[in-house]
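Work through the exercises below with the sequence and the model side by side, and try each task before reading its solution.

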Amino acid sequence: MAWLVIGSLLVLGLLADLLGPADVSVPAYLLAILFLIVALPSARLKIPVAAIGTVFTAIHYFSYSAAADISAWQVVLNHVSIVILIWLVIAVCLRDKRSENALSESEGRLRAIMEASSVILWTMNAQGQAVEDSWSWRVFTGQSFEELKGLGWLNAYHPDDRKRIQIDWQRALAGKTRLEAQYRLRRHDGQWRWTQVCATPLLDSNGSARAWVGMNTDITERKQAEADALFILDLSECASLATDPDELMWAAAVAAGEHLQAARCGFLDIDLENDRFTVHRDYHPRAPSVVGAYPLSVFGPAIVSLGESGRVSIVCDTTEDERTAQFIDAYQQLGVRSFVAIPLLREGRMVSTLLVAAQEARSWSEGEVALAKAVAERTWLAVEKLRLDAALRQSEEALREADKRKDEFLATLAHELRNPLALMRNVVNLIQIPGSSEGELRWGRDILDRQVNYLTRLTDDLFDVSRITRQKLELQKERVDLREIVNAAVESSRPAIDEREHELVVTLPKQAIYVEADRVRFAQVLMNLLTNAAKYTPKPGEISLSVEPAGGLVVVRVKDTGVGLSAESLAHVFDMFYQVDRSYSRSDGGLGLGLTLVRQLVEMHGGTIEARSAGINQGSEFIVRLPILREAYPPQPFASPREAAKPPAATARRILVADDFPESANALARLLRADGNEVQVAQDGLEALDTMAKFHPHVVVLDIAMPKLNGYDAARIIREQPWGKKIILIAMTGWGHQQDLRRAKEVGFDAHLTKPVKYEALLQALDQLTMDKGAEIGRSPEL
């Protein structure tokens with residue numbers, strides 16, 4: 001259609017020129033061609049028109065009838081000029097079009113740059129009013145030109161900023177100075193965005209402002225980054241000053257919730273083993289609190305799995321996210337529609353989580369997630385450091401306390417050893433006085449016997465605690481009626497109770513109560529409790545011991561009317577080396593090991609023990625709980641006494657005593673000789689073997705730790721000899737652990753006695769072993 005119109009105009013111009021008067025200076029077709037060249041929009045249309053005009057000029061030349069007074073060269077020059085004019089116009093038009101296209105392209109690039117950089121360009125008159133349209137302003141704010149012209153642009157700014165803007169503008173207009181400030185500008189989607197405003201006056205030669213040019217640059221992300229950095233800096237400073245880890249976690253949750261404008265924020269304690277999480281405190285400005293314990297599975301397995309692997313969970317809408325949609329009821333109960341969960345690990349295991357949640361669907365930005373992660377990680381690092389510092393302080397305090405207890409223990413041990421040793425030395429000196437009566441000698445022997453027994457108990461307690469601490473003590477548990485153990489403990493403790501004139505009341509059930517216990521060790525527990533009650537109760541006092549079943553347990557109570565326990569003492573009464581009311585108990589001795597040993601033995605029996613007291617001088621009560629044995633064990637037969645249970649008449653035995661402590665060996669030899677035995681002494685294992693070859697003893701008493709040849713090796717050599725199988729071998733040593741007893745049995749000892757040994761115990765062992773050897777010569781009796 002365009003070419004039809006163009007062709008019609010050219011043909012009409014040419015016909016008008018050919019049919020018109022010959023003296024017309026400007027051909028009509030030329031005017032049509034020049035008009036079309038200028039009017040047509042593109043070179044694709046302009047150039048064909050110029051070519052057609054050239055053709056028409058040629059036609060016009062050959063059909064032109066010149067006047068008589070016009071020469072031929074003038075006609076030629078005229079038509080050549082027309083052709084040159086046509087193509088000059090074409091060249092000018094094409095150059096202008098290229099400039100226009102370049103300008104348009106430049107404007108497009110500028111517009112793209114402005115859109116990408118969120119830069120708004122605008123101009124105002126000298127009075128600060130908008131009089132020209134600003135495309136970038138309209139695109140960003142959504143205002144039309146009618147809305148922004150004049151002072152309408154002010155309505156696009158935040159209401160809280162408008163008065164400050166007016167003051168700043170009036171100051172800049174009055175002083176004709178550059179304006180730089182930051183204001184909040186409403187974007188077309190309704191969001192308030194921080195913008196950096198720069199405005200510069202355009203001045204005339206006389207210095208007056210004729211207009212203003214300026215721009216607004218969106219700096220919201222930069223402002224948010226600055227606010228986030230300042231927030232993290234404040235949080236770090238708060239964490240560095242914190243002393244309580246729980247309070248720090250709460251403060252961090254509140255600060256993060258406010259900064260991120262969350263509906264809920266808090267640290268959750270995670271218990272993976274029991275599938276539970278606990279909310280102790282939560283920030284919830286616009287929602288009800290959810291403090292409490294919940295199943296961990298309410299989050300869904302996908303979210304829990306992410307947490308276990310240490311990855312962050314980001315859910316923008318729990319109703320649409322496939323990981324949470326099927327658990328929507330649980331999320332609604334928690335008041336959570338969207339959330340960010342940052343897991344916190346300890347030794348590769350999730351133990352806590354920072355939850356930042358909203359009650360509506362929310363698209364969490366990368367900056368918000370990064371901030372939440374920074375809060376969680378920095379807070380957790382500070383919390384772990386505080387907990388570690390607290391543990392170190394407790395450890396240091398425990399070490400200082402242990403060091404103090406050690407010093408007290410050593411001082412107490414020295415005291416407890418010096419007192420009986422001093423007494424024993426004095427008794428020995430008195431016995432050595434010539435002319436001492438039989439009564440004085442008997443009195444001295446009784447004192448020496450009591451003090452040796454006391455030192456033996458002291459040593460046994462030390463060894464027992466050491467063995468339990470190193471887990472070397474083994475219990476010989478059996479099915480036993482607890483009443484039997486109670487009676488044995490009461491019988492053993494009766495002398496200490498009667499000595500202090502206390503009244504003891506024992507209450508036992510009529511029916512048997514069976515427990516699985518070590519008779520000796522559990523009797524030791526009750527004996528310690530009874531002797532403690534006697535020791536710490538001023539005479540005359542009252543002590544009660546009761547046994548009663550309670551469900552699947554049996555409860556043993558030992559109660560007294562003694563000095564009682566303070567609250568501080570109750571917290572430490574079972575600690576090693578701890579002693580209460582030293583001023584009262586010092587005369588009664590003790591290393592502070594008894595109750596420690598009691599607790600450890602009770603726990604080894606699967607029971608518990610607790611101490612109670614109403615206060616100083618209000619008495620004390622110790623309560624032991626032990627599981628009752630419900631299984632139907634067959635009754636254990638009692639060992640029937642042998643027919644020849646009576647010890648044989650004292651006969652002379654040949655006994656060899658080998659010990660590298662000469663005084664001990666000679667003292668024992670004297671006692672044995674006094675009973676009519678023939679005794680030889682050796683001071684090491686090799687000497688013992690040499691003596692045996694000449695002496696042919698019936699009994700050999702060997703120490704273990706001897707020079708040249710120890711007791712184990714000596715016993716092994718003896719048993720390897722044909723004549724050695726009939727000899728009675730007794731180990732008498734200071735080594736009394738279970739492994740020592742087993743090793744002694746393995747090498748062939750018939751008995752193992754731990755020093756210090758009562759002479760009566762040695763004689764009893766000799767009598768028993770003599771009967772056993774007599775029953776089957778050559779058999780190595782079991783220990």
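The exercises that follow concern a sheet, the helices on it, and the cysteines.

The model is predicted, so that local features need pLDDT of at least 70 and side-chain atom pairs count only at pLDDT 80 or more, while totals for chains, interfaces and linings use all residues. Residues are numbered from 1 along each chain as its sequence is written, and side-chain values use heavy atoms, with hydrogens and water left out.

**Exercise 1.** Determine the strand order of the open sheet and name its edge strands.

Solution. Begin with the definitions: strands are DSSP runs of E, at least two residues long, and helices are runs of H or I, at least four residues long, numbered from the N terminus; two strands pair if DSSP finds at least two bridges between them. Reading across, the five strands follow the order β12-β14-β15-β17-β16, with mixed pairing. The edges are β12 (503-507) and β16 (608-612), each of which pairs on one side only. From one strand to the next the twist averages 15°.

**Exercise 2.** Describe how β12 is joined to β14.

Solution. The two strands run parallel, and five bridges join β12 to β14 (residues 542-550). Within this pair, T507 stands opposite S546 of β14.

**Exercise 3.** Which strands does helix α14 touch?

Solution. Taking contact as heavy atoms within 4.5 Å, α14 (residues 482-499) packs on the sheet and touches β12, β14 and β15 (553-560). Its direction makes about 180° with that of β12, where axes are lines fitted to C-alpha atoms, for helices over the stretch in contact, and angles run from 0 to 180 degrees between N-to-C directions.

**Exercise 4.** State how many disulfides the structure holds.

Solution. With a disulfide defined as a pair of cysteine sulfur atoms within 2.5 Å, the structure holds zero.
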